[in-house]
Number of protein chains: 2
Amino acid sequence: MLGTPTSSRIAARREATQREILAAAWDAAREQGVAQLTLRDVAERVGMRPPSLYSHFASKHAIYDAMFGQGWAAYLEACRATRPSLPPEPRARLRAIAHQYFDYSVADPAWFQLLNQRLVPGFEPSAESYAPSLAVIEILREEMEEMGITDAAAMDLWVALVGGLVASQLANDPGGGRYRLLLDRAVEMYADHVGLPLGTTHRAEEENS
Amino acid sequence: MLGTPTSSRIAARREATQREILAAAWDAAREQGVAQLTLRDVAERVGMRPPSLYSHFASKHAIYDAMFGQGWAAYLEACRATRPSLPPEPRARLRAIAHQYFDYSVADPAWFQLLNQRLVPGFEPSAESYAPSLAVIEILREEMEEMGITDAAAMDLWVALVGGLVASQLANDPGGGRYRLLLDRAVEMYADHVGLPLGTTHRAEEENS
DNA sequence: GTCTATACTGTGATAGAC
DNA sequence: GTCTATCACAGTATAGAC
């Protein structure tokens, strides 16, 4: 029966249901926090009884895992979509990358918490769900390589710097813009440090605002 | 009866028990994670039944709150103790401050998670428990002021930078030293940015290793 | 595949005896 | 202050009818 129109339609229906469940899980996570996610809540949102979720996901962690993969896949897609329109000048390019990540995270703190912090108890993503995150890192590596930054440590420093600003924004000034205002300055500091050539006037550009 | 030897001894006994409970809570948090802390576990460690804890703390959040205050008070004490022996040269001084915070956090991730991340569900520290944290910030402000860094935004940038490195270390390389190796480099980057005068040779000094 | 019903565990928290 | 007993509830998971 495998591969027949019928089974493929069934499979499609199954996938659609899974996506629906995941969408409900994201909604719940955004409203109450990632760690506060409950199967009861998710089930209610999709019009199911909690046990029915087990027809689609083996456990709550499996849902987290799928969310993790889906979240990184979505950001990967956003990166790929934005890439062609990034400004060519290195500093402006770095600024645009930083702003994209920062704004994406602040617009969806649940996304940042699940994917980039360790906010869920004993959750470890599976290799499959981890893959898109590696693809994002690879894109970043390519971008930096094109700027002449080939040092792996320099990339770690970049990630820690931008991640630290996002985390500070969410923890110390949620809903505000205190750390977002520091973003251009932080990028400039980093660019100076890695020896990027000075760009043209830039503070006013704000590619991703 | 208030103020008599008897009542003060009783009060002292009470305080001792509270400290014992908090110590047990820290032990439990370090072993299983701050968010996984349970009253049962804490009670068992102090040889009590769980309900008895309510004679000393009004709720689980009250325990978190006391831990928060105690944790910042301990770090404040460490800061004050270290301060006289900090190197006078600005860059070396900044390096020492960064290393102290970094190593303190990495040595006790539970401390970092409770005090500096938002790892506990709906926990918000009380004003009283928050006070020692403000004192730490004030010390940092004074330190930076003496170096000529009076910009509040520059302090935010510092906190985000060092915090980002600690968080990355704990999340991406627990038990390792990948981000710790970046610390001196990050401090140098920051010092250049804020225009600190160049120090003498420093990479080899490692004041707080 | 989805439902109802149920089981089991663990949680923070309270009441009242001693 | 500490205990026993118990609550109310959330959480994950399974069995079996439809």
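User: Of the 16 residues around DNA strand D, which come nearest?

Analyst: This is a predicted model, in which local features need pLDDT of at least 70, side-chain atom pairs count only at pLDDT 80 or more, and totals for chains, interfaces and linings use all residues. Residues are numbered from 1 along each chain as its sequence is written, chains are lettered from A and ligands numbered from 1 in the order in which they are written, and side-chain values use heavy atoms, with hydrogens and water left out. A residue is near a strand if one of its heavy atoms lies within 4 Å of it. Of the 16 residues around DNA strand D, those that come nearest are Thr38(A), Tyr54(A), Lys60(A), Arg14(B) and His56(B).

User: How far apart are the closest N and O atoms of Asp151(A) and Arg185(B)?

Analyst: A salt bridge is a side-chain nitrogen of Lys or Arg within 4 Å of a carboxyl oxygen of Asp or Glu. Asp151(A) and Arg185(B) form one, and this pair crosses between chains, from the loop between α6 (127–146) and α7 (152–172) of chain A to helix α8 (residues 183–194) of chain B. Helices are DSSP runs (H or I) of at least four residues, numbered from the N terminus. The closest N and O atoms are separated by 2.8 Å.

User: Are Arg91(B) and Glu188(B) buried or exposed?

Analyst: These two residues form a salt bridge, with their closest N and O atoms 2.7 Å apart. Arg91(B) lies in helix α4 (residues 90–107) and Glu188(B) in helix α8 of chain B, so the pair ties together parts that are 97 residues apart in sequence. Buried means under 20% relative accessible area, exposed over 50%, and partly exposed in between (1.4 Å probe, protein chains only). By that scale, Arg91(B) and Glu188(B) are both buried.

User: How many salt bridges are there over all chains?

Analyst: Side chains of opposite charge can pair when their charged atoms come close. Some are linked in a network, formed by Arg83(A), Arg93(A), Glu142(A) and Glu143(A). Over all chains, the number of salt bridges is 32.

Technical notes. Helix = DSSP H or I, 4+ residues; strand = E, 2+ residues; numbered from the N terminus.
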